[in-house]
Amino acid sequence: MNSATDLVPSIDPRSGAVRQHFPATDPHEIAEYVQRAQASARWLVDLGRVGRADLLDDFAAELERRESAILEIGDAETALGVPRLRGELARTCFQLRFQGEVAREGSYLGASIEHAGVTALGPRPDIRLTRAPVGPVAVFSASNFPLAFSVAGGDTASAIAAGCPVIVKGHSAHPALSVEVASAMKAVLDRRGAPAGVLQLALGRSAGRALVTDPGIAAVGFTGSVEGGRALFDLAGSRERPIPFFGELGSVNPFVVTARAAQEKADEIATGLCASLTGSVGQLCTRPGVVFLPDDDGGRALFSRLVRLLEEVPPAYMLTEAMASSFRTRTVAMAELEPLTTLHGEIGPGPTVRPAIIETAISALMSEDTALLREEVFGPFAQVCFYSSTDEVRRALRTLPDALTGTVFSGSSDDGLKPIVEAMESRSGRVIFDGFPTGVAVTWGMHHGGSYPASTSAFTSVGAAAIQRWLRPIAYQNAPEEILPEELRDRGVVVIPTRIDGVLVTPPR
């Protein structure tokens with residue numbers, strides 16, 4: 001039984017007042033959660049690809065029906081504002097339906113049929129390959145996307161599409177919103193007569209560790225800090241039966257402006273950078289982390305314009321007081337590295353934060369003695385380095401940790417662009433040209449990863465490939481027709497893209 005201390009508070013970040021409390025999930029209860037999830041797995045599998053897609057569509061429709069309540073709770077609990085949350089809810093519903101499209105289309109199964117025959121190596125048996133769901137998965141909500149990377153976010157949507165029951169560890173920054181969204185999804189499941197374990201919500205820090213270590217959990221999806229993610233990653237790997245941990249962690253994203261771009265596009269770049277750095281109070285993992293500007297008149301003018309724009313941004317509330325405190329602490333620590341850094345702006349106490357921009361000597365960024373400058377600052381922050389040559393930028397990029405994104409703004413007839421792009425390709429999951437990295441599209445070709453510490457795997461919660469995390473390959477050799485999954489049976493016409501005797505065949509339109 002939970003005691004009074006085992007409560008998760010819902011806090012209004014604007015006032016600091018506790019809105020209400022929710023009981024934390026006792027770690028001993030997690031075993032029951034997992035048992036229910038295991039018992040519901042067959043129900044999800046038996047729905048089939050199209051049935052699971054219909055279920056995801058129903059989730060989206062129910063969230064849209066509850067829009068008013070979701071936005072009211074979300075704004076009171078996150079201070080992100082109704083317009084931002086409305087857009088995020090639309091994204092969340094789009095993600096749910098998109099993963100349904102992925103399930104219906106079916107190429108994610110990698111279906112292959114090779115009939116028995118004689119090869120250069122001798123007789124070959126009948127071999128048919130597909131992918132099956134791994135089983136119950138644990139999903140950890142993100143603080144900064146309380147809808148799109150939370151209870152009904154990309155992890156959950158792709159796992160359900162794959163046929164995996166989900167236990168979501170709700171984030172402590174928005175428990176009331178997590179409960180509301182889970183309630184909406186449960187209403188859909190109840191109407192369908194689904195078993196209780198298809199989707200479950202757990203709250204409280206200790207529940208997270210219990211989830212990762214429970215032997216019935218087959219995989220984990222996580223979006224959050226490097227420190228928290230690494231601790232859970234190590235737990236997942238140290239189990240008697242290790243499981244995959246799909247983490248999307250921290251990122252210091254480089255943003256390079258060439259000399260010609262600074263001359264030709266100064267206003268466009270400064271205005272876009274200001275929005276990219278301060279949107280959602282800078283609480284985005286794709287926000288530019290280090291901005292490289294040419295050390296010439298054009299670069300200096302662009303920098304001055306950016307500083308002026310940032311000074312005009314009003315103070316704002318971060319998601320939690322702890323995040324605001326961490327933002328101030330890290331920024332002050334960097335500012336105190338004089339004469340290596342120069343702070344532009346003010347960092348003061350209070351419930352809100354203002355944008356901060358620090359000018360850093362590029363030699364300091366590359367020094368082994370100033371590792372602090374190569375760490376992520378979560379919030380409305382920018383670090384600017386002036387460079388004198390393309391080679392200097394290339395060397396500086398090599399010292400930064402691998403990142404989610406790398407951005408380059410170039411001008412007409414720019415020389416020396418290729419070495420910068422090559423340096424970014426080797427260390428970034430996504431390379432952006434003449435644009436801004438904040439904002440991740442939900443498409444077949446998008447992903448949200450990069451080498452560690454940006455993420456821990458090649459597949460992430462964004463895009464069609466998200467579903468691959470929750471699947472395992474399974475081959476059937478000389479199997480009777482009635483045993484085979486529907487997609488692998490000989491029927492004359494394929495229902496999903498299938499490689500038959502080495503030739504890719506797609507369904508007729």
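**Domain arrangement and cysteines**

In this predicted model, the centres of domain 1 and domain 2, taken over C-alpha atoms, are separated by 33 Å. The domain assignment of the chain places residues 29-249 together with 458-470 in domain 1, and residues 253-433 in domain 2.

On the side of domain 1, Leu-80, Ser-143 and Asn-144 supply 38% of the area buried against domain 2, which is more than any other three residues supply.

Polar and charged interactions were also examined at this interface. One salt bridge is counted between domain 1 and domain 2. A salt bridge is formed by Glu-227 and Arg-330, whose closest N and O atoms are 3.9 Å apart. Two residue pairs are found in polar contact across the interface of domain 1 and domain 2.

The cysteines were considered next. The structure holds zero disulfides. A disulfide is a covalent bond between the sulfur atoms of two cysteines. For Cys-274, the closest cysteine sulfur belongs to Cys-385 and lies 19 Å away, so the distance is too far for a bond; the cut-off for a disulfide is 2.5 Å between the sulfur atoms. Cys-274 has a relative accessible area of 9% and is therefore buried. Cys-164 likewise counts as buried because its relative accessibility is 0%, the limit for a buried residue being under 20%.

Terms used
Residues are numbered from 1 along each chain as its sequence is written. This is a predicted model: local features need pLDDT of at least 70, side-chain atom pairs count only at pLDDT 80 or more; totals for chains, interfaces and linings use all residues. Side-chain values use heavy atoms; hydrogens and water are left out. Domain bounds come from an automatic or database domain assignment. Buried area is the accessible area (1.4 Å probe) that two parts lose on being put together, summed over both. A salt bridge is a side-chain nitrogen of Lys or Arg within 4 Å of a carboxyl oxygen of Asp or Glu. A polar contact is a pair of N or O atoms within 3.5 Å; within protein, one must be able to donate a hydrogen and the other to accept it, and residues adjacent in sequence count only if both atoms are side-chain atoms. Buried means under 20% relative accessible area, exposed over 50%, partly exposed in between (1.4 Å probe, protein chains only).
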